[in-house]
Amino acid sequence: MTFFVFPPPAPTVLPVSGGGLFPIRRVFCVGQNYAEHAREMGTDPLNEPPVFFTKPADAVTCASRLPFPPHTERLDYEGELVVAIGLGGANIPPAKGLEHVFGYTVGCDLTRRDLQAAAKKGGRPWDMAKGFDCSAAVGVVHPVAEIGHPAKGTIRLSVNGLEKQRADLADMIWSVPQVIAHLSTFVTLAPGDLIFTGTPAGIGPLARGDEVDVSVEGVTSHLFTIG
Ligand code: MN
């Protein structure tokens, strides 16, 4: 009998402010968490529970130059607050949600919008629209010990210096502890999980050479170039 023994895959790790590395386990994303963005996507945001999708852990990158992905003519930016889970758990009560957070960073949920639109129309999965290589651009993780828990503050994304998205974290339909609580009813959260908490209104396309700057007041900023 022939069999192959592969080395374990190297985990994707993120730098932590103040030193150390955050090894990533899984990547969860909230579909629509700002009312204005839900409306621009053609859905009614009110009274809808959050929708989750995932990206592969090795789609995460903190590189400063990302490739323009194949199979798309409409690569969109989505600036988001990203939660780094430090303590796992299932059925976490909302009041205990923040106790499971190691820290925060900012990210860009890069999306093949044309493939997502076709998938939605055909009732097919979003995976290749959302989970491609380098589709989860993120910055340095800042521990709660350093920045606390940001519940309000400006979230902003600009392309080539032009502001495209601006909102306040307080505008999120589902707060961070509510997102953690709800997600933990579907899966048992574990240390290393990242949660992209949704993007505000103003999404739009990127072209090769574009420079993206995403920031959340009181958390951090992250800069990267496409192509
Ligand atoms: Mn998103």
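Contact here means that heavy atoms lie within 4.5 Å of each other. Keep that in mind while walking through this predicted model.

Start with helix H2, residues 113-122. Three of its residues, Arg113, Gln116 and Ala119, are buried. Seen down the axis of H2, the buried residues fall within an arc of 120°, so they line one face of the helix. An α-helix has 3.6 residues a turn, so residues three or four places apart point the same way. What covers the buried residues of H2? The cover includes strands S7 and S10 and helix H3 (127-130). After H2 comes Gly123, with a positive phi near 65°.

Now follow S7 into its sheet. Three strands form an open sheet in the order S10-S7-S16, and the pairing is antiparallel. Strands S10 (111-112) and S16 (204-206) are the edges. Each has a single partner strand, so one side of each has no neighbour in the sheet. Three bridges join S7 and S16. Within this pairing, Leu75 stands opposite Leu206 in S16.

Next, look at the largest nonpolar core. It holds 37 residues, and Leu110 and Ile180 touch the most other members. Several elements each supply at least two residues of this core, among them S7 (75-77), S9 (101-109) and helix H5 (176-186). In general, nonpolar side chains tend to be buried together in soluble globular proteins. Which residues does Ile180 contact, leaving aside its neighbours within four places in sequence? They are Val83, Ile85, Ile92, Gly97, Val101, Leu189 and Ile195.

A second core is separate and has 15 residues. Leu14, Phe22, Leu194 and Phe196 are among them.

Definitions and conventions: Residues numbered from 1 in each chain as written. Predicted model: local features only at pLDDT ≥ 70, side-chain atom pairs only at ≥ 80, totals over all residues. Heavy atoms only, no water. Core = buried A, V, L, I, M, F, W, Y, C linked by side-chain atoms within 4.5 Å. Buried < 20%, exposed > 50% of the residue type's maximum accessible area, 1.4 Å probe, protein only. Helix = DSSP H or I, 4+ residues; strand = E, 2+ residues; numbered from the N terminus. Pairing = 2+ DSSP bridges. Arc of directions from axis to C-beta.
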